[in-house]
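This report walks through one protein model for a reader who is new to structures. Please keep the sequence and the picture at hand while reading.

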Amino acid sequence: MKDKKRVTLMVCTGANGDKVPWLLLDLLQTQCASFFVTSPTLPYTNQRKAWFDKNVTVWWINEVFSPYVYDKRGRSPLVLLLDNCSAHKIDQSLIAMTNIHIHFLSLNTTSVHQPADMGMIA
């Protein structure tokens, strides 16, 4: 039987090199969660398969990304550039801060323009 334990680590950086806090996405109630949740600087949530879905994307933007950029930039308009993953295709009205504008990379350009998309599988 194949082991189903997994985590997803979400990384995001600004064009100027600023590093948004990483997000640890874990399966429900796993030991990995109890190890990492003790870190106050590592945002954490869980999802049934430890994959990004639309709910996790909205949560990350509202609970991690928005507070971080608000502390750094205030309410200045900004662009959040995402790949075309279906989990990222969210309704803009779900985003709490109205100064965040979501745009998507062109199709089939993720490997060129998004070096943080490592897709590591053990």
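## The buried residues of helix 2

In helix 2, the residues that count as buried are Val56, Thr57, Val58, Trp60, Ile61, Asn62, Val64, Phe65, Ser66, Tyr68 and Val69. The model in which they are found is a predicted one, and this should be kept in mind throughout. The cover over these buried residues includes strand 1, strand 2 and strand 3, together with strand 4 (78–82) and strand 5 (100–104).

Along its course helix 2 bends by about 35° at Phe65, and a proline, Pro67, follows within four residues.

Which residues does Trp60 touch, once residues up to four places away in sequence are not counted? They are Met10, Cys12, Val20, Pro21, Leu23, Phe65 and Leu80. Trp60, which is found in helix 2, has a relative accessibility of 2%, and it therefore counts as buried, since the word is used for values under 20%. Trp60 and Ile95 are separated by 35 residues in sequence, while their C-alpha atoms are 10.0 Å apart in space.

Thr57 is also found in helix 2, and with a relative accessible area of 2% it is buried as well. When its neighbours within four places in sequence are left aside, Thr57 is in contact with Phe52, Ala87, His88 and Ile90.

Strand 1 (residues 7–13) pairs with strand 2 (residues 19–26) in the antiparallel sense, over 6 bridges. Within this pairing Thr8 stands opposite Leu25 in strand 2, and Met10 has Leu23 in strand 2 as its bridge partner. Strand 1 and strand 2 form a hairpin with 5 residues between them, and Gly17 in the turn has a positive phi of about 100°.

## A tryptophan in a loop

Is Trp51 buried or partly exposed? Because its relative accessibility is 43%, Trp51 counts as partly exposed. Its place is in the loop between strand 3 and helix 2.

Leaving aside neighbours within four places in sequence, Trp51 is in contact with Arg6, Thr8, Leu25 and Val56. Trp51 and Thr8 are 43 residues apart in sequence, yet their C-alpha atoms are 6.6 Å apart in space.

## Rings and charges

The structure holds 1 aromatic pair. A ring is also involved in a further feature, in which the charged end of Lys89 sits over the ring of Phe104, at 4.5 Å from its centre.

## The protein as a whole

The protein contains 3 helices and 5 strands, and when it is read along the sequence these follow the pattern β-β-α-β-α-β-β-α. Of its 122 residues, 34% count as buried. Among the contacts between residues at least 6 apart in sequence, 39% join residues at least 24 apart.

Note on methods. Residues are numbered from 1 along each chain as its sequence is written. This is a predicted model: local features need pLDDT of at least 70, side-chain atom pairs count only at pLDDT 80 or more; totals for chains, interfaces and linings use all residues. Side-chain values use heavy atoms; hydrogens and water are left out. Two strands pair if DSSP finds at least two bridges between them. Helices (H or I, at least four residues) and strands (E, at least two) are DSSP runs, numbered from the N terminus. Rings of Phe, Tyr and Trp (its six-membered ring) pair if their centres lie within 6.5 Å; planes under 30 degrees apart count as stacked, over 60 as edge-to-face and the rest as tilted. A charge sits over a ring if NZ of Lys or CZ of Arg is within 6 Å of the ring centre and within 35 degrees of the ring normal. The bend at a residue is the angle between axes fitted to the seven residues ending there and the seven starting there. Buried means under 20% relative accessible area, exposed over 50%, partly exposed in between (1.4 Å probe, protein chains only). Contact means heavy atoms within 4.5 Å.
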